[in-house]
Amino acid sequence: MRWGWFLLATAILVLLPLVTDTLTPTILLIWALFALSLGMMWGYAGLLSFGHAAYFGLGAYTYAIAVVNIGESTVPLLLAMLVPTIFAAVVGAMMFYGRISDVYMGVITLVVTLILFKFMSATAGDAYVIGKARLGGFNGIPGFQTLNVPGYPEISLFGVPTYYVCVASLLICYLICRWILARSFGRVLVGIRENEARCELMGYNVPALKTAIFTVCAAMAGLAGCLFANWAEIVTPRVFSLGQAAEVLIWVIVGGLGTLVGPILGAMALGYVKLLLGEQTVIDNSLILGALLIIVVLGIPRGVVPSLQRLWSAGSRRARRRPGDSGSRRTLGASVRERP
Amino acid sequence: MDYAGVVCLEILYMIAFLALTSAGLAIVFGMMRVINLAHGEFVMLGGYTTIACYNNGINIYFAMLVVAPVVVGLVGLIVERTIIRFLYGRMIDTMLATWGLSLLLIGLVTLIFGNTAVSVPAPVSGYQLGEYQMGGYNLFIILITVALTLVMWAVLRFTRAGLIARGAMQGPDVVSSLGYDPRKIYMYTFTAGAALSGLAGGVLAPLTGLLPSSGGAYIAKAFITVITGGAAVVSGTLSSAVVFGTVNQLVSFAAHPVIGELAMLALAIILLRLMPKGITGRFFRDGT
């Protein structure tokens, strides 16, 4: 049954270019991938990164800088995943081996993003050049080569082919997440989310596992950033901005923690709303986003998809409890006690 | 010699700036363990209140020192009653809800005041320090911060309300078993924190032009100052403000203002790594 949904979604995504143009669906897929990477980490391992945009932005910048220097997109694409991976490994190891969690982890991840934002915004001028790429400060790096067929730099992709690259990236990352969760690694991650001390007592190396999932999710965010750079054809420090960091959190929490579909649908739905509203309208964009976030946190703290799942299973009277995670979702938000 | 004076004053100003903008956040975090991510927007609201009052002919000192804290305090009260009170004990949810609130406030202010920068002239004129021209208003901010810190310390230390407040910081269960309603204490705390943020916004309004998104400039610095300081309000905020303010300005003078900010942020990461409970978690333990 679950594979049925997956195949149906795949079919819809593959056939979509027949009925509509691909510019909007492409960016929605990229945002969905970005949200998936955070949803995996936050919903299953219980690691809330306030600065997940750092890895998204690093992916975008790495791709832009590398492709300007190399001129062919295969290596830059890989680098766009590798650089956030290494960066996340360093940051993650520093945090998790230092026993930093909860709000302190939020601060550190946010500060890392802010550092990147401030640094990239200040790189205007001739001094800031990596190879042939000028960093360009607040104006960013425009006009680099988009993705091309591996080995053939002259055949670059845009429009429908880029859309299919994004579809493939999202589906592959979704399958990787499912695969991780089906393995003991995924089970232990859920265990760490529920009771870290107990997992440690059972002999698991909690800091190493946390660093590992942090790194994997950073790589996915980097890939999303790389695709975003391709879609926008410009990279600016805005990819590191507080707004970008906030938006992905909102997508994930509205869609639902503890599911993989939730963040994807949340990102697509809210991303579409954002595109409809545009930047300049009568009712300000952030007003609606903010109200939505408050309403969701107060009203449906588990997010839309998990709440619907519960309604569904309660309504059909088939109390098919999925082993493992279904009973534990409700404790997610409440797992931080008021006083230590 | 004059140059050394300039550097010292700039460091003092930066420390005052950090302490002033963090005070409201520190009170809310220290007592309620709520990270108010709408704090920057409270500061921004204080600034807008001051400017609106000034444009309507109200004395600027009265506007920034009285009207701004009262108005923002009321906003804080409304926010606590409608949002925060449902979320006590759920720290991550509070952070998300207040983040939503910050976006909401940005949107509302944009709707009302528009997306253009507004400003108000500084009411204190500059002065000459040796061969350097200094902004006199910076001195005013330093004085306000010193006064504010002393008042906060005295209230927490010597008044009955301060005693209850400190009790609520250290053990809410004990305070409630003594007959004080912790929810009421939290309500007053949040209101007081918001009012302090409004005061900071009002006082800082003449320095920088205001935009609806100005809150973002305060929240990150206030956030790291408070978390690095730890749970104790006065000593924590002051100690981390001193550390960050000094590092920021010294590096700014030595290299570049942007490098100064980067150094401050990097230092925050290092300090948190070394002292996960904040500076006061390690060195001061008296709870103020």
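**Interface and salt bridges of chains A and B**

Across the interface of chain A and chain B, one salt bridge is found by the rule. The structure is a predicted model, and the values below are computed from it.

On the side of chain A that touches chain B, the elements that give two or more residues are helix H4 (74-97), helix H5 (102-121), helix H10 (242-255) and helix H12 (285-299) of chain A. Of these, H5(A) gives the most, with eleven residues. Sorted by class, this side of chain A has 35 nonpolar, four polar and five charged residues. In total, 44 residues of chain A are in contact with 48 residues of chain B. The size of an interface is often expressed as the accessible area that is lost when the parts come together. Between chain A and chain B, the buried area is about 4,100 Å², and carbon and sulfur atoms give 79% of that area.

Over all chains, the structure holds seven salt bridges. Side chains of opposite charge can pair when their charged atoms come close. Within chain A, A:Glu247 forms a salt bridge with A:Lys274, and the closest N and O atoms are 2.8 Å apart. This pair links distant parts of the chain, since A:Glu247 lies in helix H10 of chain A and A:Lys274 in helix H11 (residues 261-277) of chain A, 27 residues apart. A:Glu247 is buried, with a relative accessible area of 12%, and A:Lys274 also counts as buried, at 17% relative accessibility. Salt bridges that share partners also join A:Lys118, B:Lys221 and B:Glu261 into one network.

A further salt bridge in chain A is formed by the side chains of A:Glu196 and A:Lys210, at 3.1 Å from N to O. Because A:Glu196 lies in helix H8 (residues 196-201) of chain A and A:Lys210 in helix H9 (residues 206-232) of chain A, the pair ties together parts that are 14 residues apart in sequence. A:Glu196 counts as partly exposed, at 31% relative accessibility, whereas A:Lys210 is buried, with a relative accessible area of 7%.

A:Glu194 forms a salt bridge with A:Arg193, with the closest N and O atoms 2.9 Å apart. Here A:Glu194 counts as partly exposed, at 36% relative accessibility, while A:Arg193 is buried, with a relative accessible area of 10%.

Note on methods:
Residues are numbered from 1 along each chain as its sequence is written. Chains are lettered from A and ligands numbered from 1 in the order in which they are written. This is a predicted model: local features need pLDDT of at least 70, side-chain atom pairs count only at pLDDT 80 or more; totals for chains, interfaces and linings use all residues. Side-chain values use heavy atoms; hydrogens and water are left out. Contact means heavy atoms within 4.5 Å. Buried area is the accessible area (1.4 Å probe) that two parts lose on being put together, summed over both. A salt bridge is a side-chain nitrogen of Lys or Arg within 4 Å of a carboxyl oxygen of Asp or Glu. Helices (H or I, at least four residues) and strands (E, at least two) are DSSP runs, numbered from the N terminus. Ala, Val, Leu, Ile, Met, Phe, Trp, Tyr, Cys and Pro count as nonpolar, Asp, Glu, Lys and Arg as charged, and the others, Gly among them, as polar. Buried means under 20% relative accessible area, exposed over 50%, partly exposed in between (1.4 Å probe, protein chains only).
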